[in-house]
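User: Please take a close look at the packing in this model and describe it in one connected account. I would like the terms you use to be given with their cut-offs.

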Amino acid sequence: MQVLTLVVLVGCAATAVLSADTYTTQFDNIDLEAILKNEKLVDNYTKCLMDEGPCTNEGRTLKKLLPDALKTACAKCTEKQKIGARKVIKFYQTQHPEDFKKLQQKYDPEGKFKAEFEKALFGQTL
């Protein structure tokens, strides 16, 4: 499994604005299962993150936080956000591998953050 970000899509993605030590928990109670079961929502989030479509409030926040979350290996993510990020990453890797690759290319084109991010989320480099 690789890093990416959708990772944080909804995992952290369900976050909002940066605070001092952690990302806001404003969106932590979003039902990720419901989002991941809805292909239209998954497609909309993907298009938002790729700058190919409009963004919801949550999508704009995710898009803003994603680079920082990757760069810092999700250091500001709460445990709940890390759990969500793992779920989203696994979902994209298995159900939408092409979108996962596109997101990786956009947010970590050189693979600079991959190893540390995976270690932080999964306890090992995948």
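Analyst: **Helix packing and the loops between**

Among contacts in the protein chain (heavy atoms within 4.5 Å) between residues at least 6 apart in sequence, 75% join residues at least 24 apart. The model is predicted, so that local features need pLDDT of at least 70 and side-chain atom pairs count only at pLDDT 80 or more, while totals for chains, interfaces and linings use all residues. Residues are numbered from 1 along each chain as its sequence is written, and side-chain values use heavy atoms, with hydrogens and water left out.

The protein chain has seven helices and zero strands, where helices (H or I, at least four residues) and strands (E, at least two) are DSSP runs numbered from the N terminus. Of its 126 residues, 47% count as buried; buried means under 20% relative accessible area, exposed over 50%, and partly exposed in between, with a 1.4 Å probe and protein chains only. The accessible surface of the chain comes to about 6,500 Å², and 50% of that belongs to carbon and sulfur atoms; such areas come from the Shrake-Rupley method with a 1.4 Å probe, and for residues only the protein chains shown count as cover.

Two packed helices are described by the angle between their axes and the distance between the axes. The axes are lines fitted to C-alpha atoms, for helices over the stretch in contact, and angles run from 0 to 180 degrees between N-to-C directions.

H3 (residues 39–49) and H4 (57–71) pack at an angle of about 45°, with their axes 9 Å apart. That angle makes H3 oblique to H4, since angles under 35 degrees count as roughly parallel, over 145 as roughly antiparallel, 65 to 115 as roughly perpendicular and the rest as oblique. Tyr45, Cys48 and Leu49 of H3 meet Glu58, Gly59, Arg60, Leu62, Lys63 and Leu66 of H4 in this contact. Leucine 49 is buried, with a relative accessible area of 0%, and its C-alpha lies 8.2 Å from that of arginine 60, eleven residues apart in sequence.

Aspartate 51 belongs to the loop between H3 and H4, and at 47% relative accessibility it counts as partly exposed. Most residues other than glycine have a negative phi, yet aspartate 51 has a positive phi of about 60° although it is not a glycine. Cysteine 74, in the loop between H4 and H5, also has a positive phi, near 60°, but this residue is buried, with a relative accessible area of 0%.

Helix H5 (residues 79–95) packs with helix H6 (residues 97–107) at an angle of about 120°, with their axes 5 Å apart, and that makes H5 oblique to H6. From H5 the contact takes Ile89, Tyr92, Gln93, Thr94 and Gln95, and from H6 Pro97, Asp99, Phe100 and Leu103. By class, this contact has five nonpolar, three polar and one charged residues, with Ala, Val, Leu, Ile, Met, Phe, Trp, Tyr, Cys and Pro counted as nonpolar, Asp, Glu, Lys and Arg as charged, and the others, Gly among them, as polar.

H5 also packs with helix H7 (residues 114–122), at an angle of about 115° and with axes 9 Å apart. Here Lys82, Ala85, Arg86, Ile89 and Lys90 of H5 make the contact with Phe117, Leu121 and Phe122 of H7, giving five nonpolar, no polar and three charged residues.
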